[in-house]
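Dear colleague,

Please find below the structure that I am handing over to you. My notes on what was found in it follow directly after.

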Amino acid sequence: MKHRLMAAAGLAAVLLGATLATTACGNGSGAAGSTGKIDTKGDKNATGTLTVWLQVDAQSSWPNAVKAATTSFHKKYPKVTVKVSYQAWNDHLTKLDAALTGKHVPDVVEMGDTETTSYLANGAFRDLTDSKNLFADSANWNSGLAASCTYEGKVYCVPYYSGSRIVFYRKDMFAKAGIGAPPKTLAELMTDGGKLNKKYGSDPKFSAFYMPGKFWYSAMSFVQDAGGTIATKKGGKWVGGLDSPAAIKGLTQWKALSDQLSAASKTSDEANPQQYTVMAQGHVAMMYGLGWEGASVSADGNGGNPKLKDSIGSFAMPSGSGKEAMQSFAGGSDLAITAKSQHPDWAAAWTAAMTSQSNEKLLMKAGNVPNTTTLLAQAKSDPALAAAASSATDSWMVPISTGWPKVEKSSILQNGLSDIATGKKSVADACKQMNQQVEQALNGS
Amino acid sequence: MTAYTQAPAEAAGAAPPGSPPRRRRRLAPRTIGYLLILPTVLVLAGVQGYPLVKLALLSVQDLTQRELFSGLPAPFIGLGNYAKILSDPDFYLVVLRTVAFTAANVALTLVLATGLALVMRAASRWCRLLLTVVLICVWAMPQVVSTLVFNWLFDYEFGVVNWLVGRLPGVDMNGHDWYANTISGFGVITMIVVWGAIPFVAITLYAGISQVPKELEEAARVDGANSRQIFFRVTYPILRPIYTIVTVLSVIWDFQVFNQVWVARGGRPEPQYQTLGVYSFVRAFGVNEYSLGAAIAVITVLLLLIFTVFYIRQSLRQGEID
């Protein structure tokens, strides 16, 4: 009997160990003081390491801006080492949660503007309300981005940049398919896509319009364009809008585009693979991308194809309901200083350098929309940025709710859209399910 | 053993009562036994007991981001998390999916590994050496790496498998999405899991098979048994204890497959690809319901415990493990 017990206990131990490996959860350390004035005057003798977490876009598309920020930071703190590590959008929040639990936290972190709310509300970042003046032109921050940094009247992060999506197209392919001017309506776009399909259809990899099945920023723009919303707040409660006739109409249009014009995978998103790398392969006539992606298609390195240098043009995504253009998702990023950071002074100095006017201009050159209205006005007069800048002023945003990150992290929209794109569910059924899940997440149940 | 323990007892009558050597000797076997097991118990308690207690505690708390970021203690909410999970129909779907997935993986692993072990016994020395080296190479490959390689093989756009299968006349595999259909998607994941699980099982079984007395099998052959009968009537019964251990271990591993699913689905597994391990992680870290995730993990452990105890008891009844 004893032997039996021992054998059972031994095996039980093995199995517990294996389970724990996947679920072990760290332990919180004491709260660090996150109040008090920040001082970025500089210190010639300060030594140590400043850890910065940026998203991978900075590494691939504007490394010069990161370099310039660090150079300028070193003028104030010459002996402090700056360690910048680049994160992927897919899992950076999970990594951040794990890091924020411990003692050695990154000092500066980049957050997507739809991701900030629950972090602001739960005290992850340092209160910068009294230090706003340290950051360039902070009185004129872009209102959308500034809102994503504000919680109960206090400021917890610094707007970094935003982007809006436009259509990038192959001028040479359009010309060969006999299309004179870029389409002005969604119907025209579908017709032009048909012409392109006819011309290049013999290439089995060809997409007249590359549209992955989980590209939710694009699909939700179709919803918005048709007059629908993701959710609206009514009397303290979020009411979902994805099962409305308007939303269903928009997603039906989106599915038609995906079905008829795209050869992209119905189960991947716009970042895996990065769609500009797909366009660089030469089998794509149009894609819906962020400002910087157009330049990346023909960039030398990082998956770009320099041969396409002169053949990439852009136009605003046409509307399916008679508007001037389809409203683009107001996506953007903020930089925050963690509440547990040991060196808030350095962190603030680096953040200020990264979001300085000269640096924001470098970001603009890379195809981004700058963080202040002052610079946005300048961007509109630049022909290369005009389309992106004006679609940034007319754009939609996700519901501002502490529950929103849950919607993104559990991929509610992506999975629902993938069901639509693959035909696993009808548009109406998928909409109903997404709507119910979104409502649950936003209302916190 | 018995002779040794009795010797000091006999000597005790001659020695003066209470002398230290005598007492130490009398207690020796028992004490030594406990002393020998003590380090293991201590290590297990530290490495597995502590986290287990933390996990159980976490599952009856409500830990949110606020407590996590600030280090404040989390409030206790009793069995609320368990009630929430057990009343969620999705959870039962996940359990069913996990059980089916585990059964398929374990069966495939055992059958293929048995085949390999038999091939190894029959093969020439060089061939056997080569096979062993290959198996160990497969074994040494980290799960994430092998999953990435499989992902590339089955890639939507540039996958070698699509290209290869597409060369068959009349088959168009261009842009075939293996993960669009859950069955074929799980087929690929099963391949990754089984591929990684075979080496250990095959080598273990080969070690067992090579210990089966040749005479027994020869005798059976002389009696007119065919290969099938020899395996099931002679070889398998001798190997049964090894099969028990290997099966239990495989079930435990496959029941909580995580890396393969996670990496294969790009860190965002769709609900239809979530097995218990993934489900628990997604609940805990994906949507920051740490306590709920912990409760799911505890339930997973209990399910496995029930299986293990049941299976081991069955085996003990048959007198395989002493």
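Across all chains, a search of the whole structure turns up twelve salt bridges. Please keep in mind throughout that this is a predicted model.

**Salt bridges**

One of these salt bridges brings together the side chains of A:Lys409 and A:Asp97, at 3.2 Å from N to O.

A:Asp127 is partly exposed, because its relative accessibility is 24%. A:Lys154 also counts as partly exposed, at 40% relative accessibility.

In chain B, the side chains of B:Arg121 and B:Glu217 meet in a salt bridge of 3.1 Å, N to O. Here B:Arg121 lies in helix H5 (residues 89-122) of chain B and B:Glu217 in helix H10 (residues 214-222) of chain B, so parts that are 96 residues apart in sequence are tied together. Are these two partners buried or exposed? B:Arg121 has a relative accessible area of 27% and is therefore partly exposed, whereas B:Glu217, with a relative accessible area of 10%, is buried.

Salt bridges that share partners also join A:Lys214, B:Arg265 and B:Glu270 into one network.

**Charges over rings**

B:Arg265, a member of that network, also lies over the face of B:Tyr179, at 4.4 Å from the ring centre. In chain A, the charged end of A:Lys95 sits over the ring of A:Trp53, at 5.9 Å from the centre of that ring.

**Aromatic pairs**

Over all chains, the count of aromatic pairs comes to 34. One of them is formed by A:Phe329 and A:Trp396: the ring centres are 4.9 Å apart and the planes stand at 50°, so the pair is tilted. This pair links distant parts of the chain, with A:Phe329 in strand S12 (residues 328-329) of chain A and A:Trp396 in strand S14 (residues 395-396) of chain A, 67 residues apart. A:Phe329 and A:Trp396 are both buried.

Another aromatic pair consists of B:Phe91 and B:Tyr92, which is edge-to-face, with 5.6 Å from centre to centre and 75° between the planes. B:Tyr92, by contrast, is partly exposed, with a relative accessible area of 42%.

**Transmembrane annotation in chain B**

The UniProt record, an unreviewed entry, places the feature "transmembrane region" at residues 32-53, 91-117, 129-154, 183-209, 230-253 and 290-312 of chain B. In the model, residues 91-117 of chain B are 100% helix and 0% strand, with the end C-alpha atoms 38 Å apart. Residues 290-312 of chain B are likewise 100% helix and 0% strand, and the C-alpha atoms at the ends are 33 Å apart.

**A nonpolar surface patch**

B:Tyr34, B:Ile37 and B:Val41 make a nonpolar surface patch of about 290 Å². B:Tyr34 lies in helix H2 (residues 20-59) of chain B. This residue is exposed, because its relative accessible area is 57% and exposed means over 50%.

**One position in chain A**

Finally, A:Leu290 is placed in strand S10 (residues 286-290) of chain A. At 17% relative accessibility, A:Leu290 counts as buried, because the limit for buried is under 20%. The C-alpha atoms of A:Leu290 and A:Asp91 are 20 Å apart, and the two residues are separated by 199 residues along the chain.

With kind regards

Methods. Residues are numbered from 1 along each chain as its sequence is written. Chains are lettered from A and ligands numbered from 1 in the order in which they are written. This is a predicted model: local features need pLDDT of at least 70, side-chain atom pairs count only at pLDDT 80 or more; totals for chains, interfaces and linings use all residues. Side-chain values use heavy atoms; hydrogens and water are left out. Patches are made of residues with over 30% relative accessible area and no salt bridge: like charges are joined within 9 Å, nonpolar side chains (Val, Leu, Ile, Met, Phe, Trp, Tyr) within 5 Å. Accessible areas come from the Shrake-Rupley method with a 1.4 Å probe; for residues, only the protein chains shown count as cover. A salt bridge is a side-chain nitrogen of Lys or Arg within 4 Å of a carboxyl oxygen of Asp or Glu. Helices (H or I, at least four residues) and strands (E, at least two) are DSSP runs, numbered from the N terminus. Buried means under 20% relative accessible area, exposed over 50%, partly exposed in between (1.4 Å probe, protein chains only). Rings of Phe, Tyr and Trp (its six-membered ring) pair if their centres lie within 6.5 Å; planes under 30 degrees apart count as stacked, over 60 as edge-to-face and the rest as tilted. A charge sits over a ring if NZ of Lys or CZ of Arg is within 6 Å of the ring centre and within 35 degrees of the ring normal. UniProt positions are given in the numbering used here, feature names are shortened, and annotations may be inferred rather than shown by experiment.
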